[in-house]
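Good morning, and thank you for coming.

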Amino acid sequence: MKKNDYILPSINDARRRSKDSVDTVTFSLDEKYINLGKDKKYFIITHGCQANQRDSETMAGLLDAMGYISTDEDKKADVIIINTCAVRQGAEEKVLGEVGALKRLKTNNPDLIICIAGCMAQEEDTVKLIMEKYRQVDIIFGTHNITSLPKLLYEVNTTKQRKVEVFSKMGEIVESVPATRFMSHKAWVNIMYGCDKFCTYCIVPYTRGKERSRDKNDIIFEVEQLVKQGYKEVCLLGQNVNAYGKDLGDDYGFADLLNDVAKTSIPRIRFMTSHPWDFNDKMIEAIKNNKNIMPYIHLPIQSGNSEVLRRMNRRYTREEYFELFDKLKKELPGFAFSTDIIVGFPNESDEAFEDTLSAVKHCEYDNAFTFIYSKRSGTPAANFEDTIDQKTKEERLQRLNELVAYYANKNNQKYQDQIVEVLVDGLSKRNSNVYSGYTPENKLVNFTGDNIEVGQIVKVKITKVLSFSLNGEMVKV
Ligand code: 5AD
Ligand code: SF4
């Protein structure tokens, strides 16, 4: 097959932002794909963030609509999809290892169709590498091409040739795409796609395209349906939810959406991720006024040093972050706060790193997701000079993690002997006699009790406090 039959990604096209408005179209599955999956099974591996989890649910929904059945064993599958993450090099290496291991399954079953989806599929160099070195891969489809999955599977089945379909720009929002949700009590709800912030280290604005908000009516309708189906929690998803609605050109913003989603009376509402930029007072009011908005805010700081923040293109200084953080703490008492932090950004000095440690001391976060900077080809920071060695970066991460654990533990002390409300996720992954779930403040609780069902909200008395979880016993009150 000639190379130009493939629709390949281009980082240059992905960089450009058009002013064109984004159309919303309604999905329908072509009849000719409906029985393609009869008597066949699929297996999906998902890496990365919640946006990817939600995309995998869409892929599962499309496959179910085509008659495929899901399996939890890769060796029984006729179609395997790896939904990939490109945020850090480590995640990419893991995927390539997995793809390598799948070669064995393909040898045993030459009809097996292996697909690569997600953010790695949006990277030019990665697609070239897979096409050349990983010949067991049959289909590569991008984050904007999920609804092409039925067509791509049909084509591979009929032509027996490899297919690549990766658009670098998204032209539209597709509604009414089937989705098979992986949980029956908590649901991810996309409110917007893409990111226009262009932090200099981050690949996401290239892999997920420009910011596009869904129509508020589609979002509210989706949450209403979830309420009817018995869901207890929704998490409103976007790379930067505060920017919700800005591209739609009216005054309706994230605060309005929060108020409207709260009216659906879903018991628990969460949202991810808030950029400190344009976290406005109206949003604080909406959070304060609606009891079903959970008392937990994730507010990435990335660095505590203003010069590093400037080179990261974060659009705030250390002082501006503190001003917002202190206001949130004051206005929202009892809320838990978490953050994301990158150490070892190119040429981060010892002093700059110390500023990050002192920022953690200032904010006393309940939790922090900490990362060593990973160079992403095509991003501005990939060209920044970096004289900091890997060992120094690892030592910094270690010191940071110790400090984060100290404050996480300190914050958790107040829960000792208290009764908390837990939305039950199921049996704990580590111990099958123990259930686990989350409090409104997003604290993980492992607890014992009888006759407990997934999706129940139960009361638990905390008997032991750890840094990143709480142990307890269910109580009947
Ligand atoms: N290297 C390390 N961490 C990164 N993140 C994003 N890009 C990179 C990178 N190149 C982190 C940020 C972001 C989180 C989702 O991943 O902290 O908030
Ligand atoms: Fe990446 Fe920054 Fe956008 Fe977050 S806000 S997805 S870190 S570019």
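How much space lies in the second largest pocket? The answer is about 930 Å³. Before I go on, please note that this is a predicted model, in which local features need pLDDT of at least 70, side-chain atom pairs count only at pLDDT 80 or more, and totals for chains, interfaces and linings use all residues. Residues are numbered from 1 along each chain as its sequence is written, chains are lettered from A and ligands numbered from 1 in the order in which they are written, and side-chain values use heavy atoms, with hydrogens and water left out.

Let me say what a pocket is here. On a 1 Å grid over the protein atoms alone, a pocket is an open set of points where a 1.4 Å probe fits, with protein on both sides within 12 Å along at least five of seven lines; lining residues have an atom within 4 Å of a point. Points are joined across faces, edges and corners, and the volume is the space filled by probe spheres set on them.

The second largest pocket has 37 lining residues, and Val 174, Glu 175, Ser 176, Val 177 and Tyr 193 lie nearest its centre. Strand S1 (23-26), helix H2 (50-65), strand S8 (172-175) and H7 each supply at least two residues of this lining. Helices (H or I, at least four residues) and strands (E, at least two) are DSSP runs, numbered from the N terminus. The largest share, 5 residues, comes from H7. By class, the lining has 12 nonpolar, 13 polar and 12 charged residues. Nonpolar means Ala, Val, Leu, Ile, Met, Phe, Trp, Tyr, Cys and Pro; charged means Asp, Glu, Lys and Arg; the others, Gly among them, are polar.

H7 leads us to the helix contacts. Helix H7 (residues 216-228) packs against helix H8 (residues 254-263) at an angle of about 30 degrees, with the axes 9 Å apart. Axes are lines fitted to C-alpha atoms, for helices over the stretch in contact, and angles run from 0 to 180 degrees between N-to-C directions. H7 and H8 are therefore roughly parallel (an angle under 35 degrees) to each other. In their contact (heavy atoms within 4.5 Å), Lys 216, Ile 219, Ile 220 and Val 223 of H7 meet Leu 257, Asp 260 and Val 261 of H8. These comprise 5 nonpolar, no polar and 2 charged residues.

H8 also has a contact with helix H9 (residues 281-289): their axes come within 8 Å and cross at roughly 15 degrees. That makes H8 roughly parallel to H9. From H8, Phe 254, Ala 255, Asp 256, Leu 258 and Asn 259 meet Lys 282, Met 283, Ala 286 and Ile 287 of H9. This contact divides into 6 nonpolar, 1 polar and 2 charged residues.

Finally, the backbone. Most residues other than glycine have a negative phi, and most peptide bonds are trans. Met 272 and Thr 273, however, are joined by a cis peptide bond, with omega about 0 degrees. Thr 273 lies in the loop between strand S13 (268-272) and H9. Asn 313 has a positive phi, near 60 degrees, and is found in the loop between helix H10 (306-311) and helix H11 (318-331).

Note on methods
Angles under 35 degrees count as roughly parallel, over 145 as roughly antiparallel, 65 to 115 as roughly perpendicular and the rest as oblique.
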